[in-house]
Amino acid sequence: MGIFKKLGWYFKQEQKRYIFGVVALIGTALVNLIPPRVIGILADIFDQGHVHGTAVWWWIGILVTAGILQYIFRYGWRNMIWGGAAKLEKQLRSRLFWHFMEMDDTFFQRHRTGDLMAHATNDLNAIQNVAGAGILTFADSIITGGSTLVAMMIFVDWRLTLVAIIPMPLLAVAARRLGMKLHAAFSESQAAFSRLNDKTQESVSGIKVIKTFGQDAEDLDDFNHIVDRTIGINKRVNRIDSMFDPVISIIIGATYVIAIIYGGTLVNAGTITIGALISFVAYVNALVWPMFAIGRLFNVIERGNASYDRVQSLLQEKSRVVEVPHALTTVPHSDIQYDLQSFTYPGADKVTLQNIQFTLPEGHLLGITGRVGAGKTTIIKLLLREFDHYDGIIQIGGHDIRQYTLAALRNSIGYVPQDNFLFSTDIRNNIRFSAYDKQQPAVEAAAKTSAIHDDILQFAEQYDTLVGEKGVSLSGGQKQRLAIARAVIAQPDILILDDALSAVDAKTEEQILDGLKEDRAGKTTIIVAQRLSSVMHADEILVLDGGQITERGNHDALLAENGWYAKMWDEQQLMQSLSERSDD
């Protein structure tokens, strides 16, 4: 029953709702006592031959009234208890989703997408059942069972009642033993569901790669293996869960046998009437639901308990990126200053960045280039505050970026990452995602800046064209340009293109850079790229190698140094020349 204690905060919050719900359950239980008693009285009337129309219709009227009251009370508890369960699910779902929004990159590296989805769906449904079916079965089994036993003692015979319930302690013993096994089994079952969810999500997301490499059969075998394992675990859960009903059936059967044998003896002795025995058997029948409810209760409780622990373990994780008290809420602008001694990714042994010092004046263009894995993107991640734990300081406008609220900092930045994510909606809404109040003229202006406008006009639905999940209907270059349009439409103070021109040709790249130069006049821009033509017009270019700045200067100065930049420039120019000749 620990899950009820864990959810005590919610039951306290919604105590009026649940009090009304339980009161309605009590009303239902009390009204349910009337029909068996009335049936017994009518049986005695007919048995004794004292049949009078008025009396019979009087008792029938009582039965009808009881039926109406049952309807009213049942409507009351359903509305209160099921409504409360739905409200709990809404609160937990919102809390968990917001928690995901607040967590840092390290959190998402530890948890796979499918597992997080399982927590947000299957686990929350199980917790909701505790606040709905769990409360219902717990309260109803006690209220209905208790009131029925009291009625059996008062209206029939206390001796018959005590003898008939002798088998019931066996139910408590069986429920405890099976309940402990259920808890462990449900925990394993929920984990298996997460693994299956992970595999499904990964295979669907990577379906193109799977097909391209001809791994359809192998991936299907792997999927079937996980399915078989999950089914095996769930079979164990069902096997344990299915033991409740036979145990309950045996106990109910034993109660019926005792009631009929001992009750028949009491009737023959004249202690009770035949009508009273009929009422007693009807009351025993009324105990069937509370007893089965106990079995169902343990199912709901153990599943919800396991799920609640899983969700709480997620909610208790803390982001390493936190806002300081009284953080600055003004949107930062002005010069960007890096004075970074070192940075190491959490859990890594090797230093990723060291001795990174530079100043980017407001309104200037900074280019960052270097070998793969040199630390270019890491510099950007620190500016975006994806990580806060580093030795040094990064400032905007003379303030440490960690002194700003995350919302204020990120509202000043337009970011186009290496991996572009597009939403499964139309082109227009993808572009204005960061500034949803923008109208069509602004959308088209942003599209022209990113050199995607003419491509959009070629589509049958133009700006109403649905791009599909993750932009599946678009080419790599079109997705990159849409992502650039989405970033520039908000007119951010700082625009960052992180290898965001890698999928476009040289001519389109030139169009985009010209558009940005015009659109971004007086605003700060950072371009991270391996293709040097993307950064050649920058006011300053940083060359990184091994997490350090090895060269710096403008394009002409770096060519004059005859270092890595100059050699890479010559190689890329040669490759472009050969490509142009082959096209001719």
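Leaving aside neighbours within four places in sequence, Gly363 is in contact (heavy atoms within 4.5 Å) with Gly522, Lys523 and Thr524. The model is predicted: local features need pLDDT of at least 70 and side-chain atom pairs count only at pLDDT 80 or more, while totals for chains, interfaces and linings use all residues. Residues are numbered from 1 along each chain as its sequence is written, and side-chain values use heavy atoms, with hydrogens and water left out.

Gly363 sits in the loop between strands S2 and S3. Strands (E, at least two residues) and helices (H or I, at least four) are DSSP runs numbered from the N terminus. With a relative accessible area of 27%, Gly363 is partly exposed; that class lies between buried, under 20%, and exposed, over 50%, for a 1.4 Å probe and protein chains only. A distance of 60 Å separates the C-alpha atoms of Gly363 and Ile233, which are 130 residues apart along the chain.

An open sheet of 6 strands with mixed pairing runs in the order S6-S7-S8-S3-S9-S10. Pairing requires at least two bridges found by DSSP between two strands. S6 and S10 are the edge strands, each with a single partner, so one side of each has no neighbour in the sheet. S3 and S9 pair in the parallel sense over 5 bridges, and Ile368 stands opposite Leu542 in S9. Helix H20 (residues 476-488) packs on the sheet, touching S6 and S7, and its direction makes about 175 degrees with that of S6. Axes are lines fitted to C-alpha atoms, for helices over the stretch in contact, and angles run from 0 to 180 degrees between N-to-C directions.

| Strand | Residues |
|---|---|
| S2 | 353-360 |
| S3 | 365-370 |
| S6 | 413-416 |
| S7 | 494-498 |
| S9 | 540-545 |
| S10 | 548-553 |
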